[in-house]
Structure formats: C-alpha cells, structure tokens
Amino acid sequence: ARELSPQLYIIARGEYPSTEKKLKLAGADQVVLPATIGAERMAHLITHPAAIDFLQEDEGRRNLNELLADIDLQFEEYSILSDSPFLGQPISQMEVRGQGAFIIVAIRQFDGRVIAHPDNSTILQQGDTVILLGHRGDVPNFARRYALRREMRYRGSSW
C-alpha cells in the first residue's frame, strides 16, 4: 500500500505489543492493539469505577479518558473518608489547595447520585468520591500532600 500511495495513512491491527514495532517498520503510521486496549479499559474499570461511570453517562464522554491520556491528562478519584482534611469543607477548599493542578468535574455521593460540574459551595461529605481532571503527575502529588487515599471499590460492592 505504501508503494502505491506514499501519502496514504496506514492503520494496522496487531495482536501482541511486540508486533507494533514490526508493523511500523513495515509502513504503518499507527498500530491498534485490541488486547492492550481491552486490558487498559479493564484496569480503569477496577481502579477508577466512579470516573468510568461518570464518563459512560454521556455518549460524547465514552472515549474521553483515552484521548486525555494522549495529552498527559487523567481522571482521578478520591474518596472523602472520616479522616480527610476536606470532610465538611466546600469543594472550593480542595481546588484552592490544589493551586490549579486540577479541576473537580464531578462528585459521586455516598448514595450513588452523581453531581456533574458541582457548585464551588458543595460541601464534601464522608463517603463522597471526588472526580478530578488534572495532569498526570500533579494530581498524585496533591493527594500525597493532603494524605488523600483512593478507596478501591469494585463493581457489585455497595456505594
């Protein structure tokens, strides 16, 4: 195909990560690895269930997490536990202390209700899960600084 049309944009499908380099050497511009995509998706479902639920609520958001990763942004989620410094505080306090490192895009309340684009005066309650969007390194640094923990919740567990 490359010999017939040098300007052709070629997308190849590979089965194993080791084939990606070979396909690119053979002329592919991009390589899609379905097994790798599936594995990453499953990992996100386990580690970021509230963020994935939020993204799946709207057709336009479904592939957003993968697209954001390409520009070094990520969704992250943190549970407001009984010892959280943000418990009982408005979300504006979390954003102020974050110093622009992220934005809060949603809150999944303990009862499972999701508030997209919450108001800055929304008070964080125990059991709430805050969904943040920020640069890959900034959000974990913020979490370490304020001792925020991710509480692992799996599908089928109660919220």
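Biologist: Which residues of S3 lie on one side and which on the other, and are they buried or exposed?

Modeller: In a regular strand the side chains alternate between the two faces of the sheet. In S3, Leu73, Phe75, Glu77 and Ser79 are on one side, while Gln74, Glu76 and Tyr78 are on the other, and all are buried. Buried means under 20% relative accessible area, exposed over 50%, and partly exposed in between (1.4 Å probe, protein chains only). Strands (E, at least two residues) and helices (H or I, at least four) are DSSP runs, numbered from the N terminus.

Biologist: What should I know about the model and the numbering?

Modeller: This is a predicted model, in which local features need pLDDT of at least 70, side-chain atom pairs count only at pLDDT 80 or more, and totals for chains, interfaces and linings use all residues. Residues are numbered from 1 along each chain as its sequence is written, and side-chain values use heavy atoms, with hydrogens and water left out.

Biologist: How is pLDDT read here?

Modeller: pLDDT is the predictor's confidence in each residue, from 0 to 100. The protein averages 76, and 70% of the residues score at least 70. Over residues 151-159 the value is below 50, although this stretch has 20 contacts (heavy atoms within 4.5 Å) beyond near neighbours in sequence. Where pLDDT is low, the predicted coordinates should not be read in detail.

Biologist: Which strand do bridges join to S3?

Modeller: Two strands pair if DSSP finds at least two bridges between them. S3 and S6 (residues 129-135) run antiparallel and are joined by 7 bridges. Leucine 73 stands opposite histidine 135, and serine 79 has threonine 129 as its bridge partner. S6 is also joined to S4 (residues 102-108) by 6 bridges, again antiparallel; there, alanine 106 is partnered with isoleucine 131.

Biologist: Why is S6 described as largely enclosed?

Modeller: Because 6 of its 7 residues are buried, S6 is largely enclosed by the rest of the structure.

Biologist: Where does isoleucine 37 sit, and how is its accessibility classed?

Modeller: Isoleucine 37 is in helix H2, residues 34-47. Its relative accessibility is 47%, so isoleucine 37 counts as partly exposed.

Biologist: What is the overall order of helices and strands?

Modeller: The protein has 6 helices and 6 strands, in the pattern β-α-β-α-α-α-β-α-β-β-β-α along the sequence.
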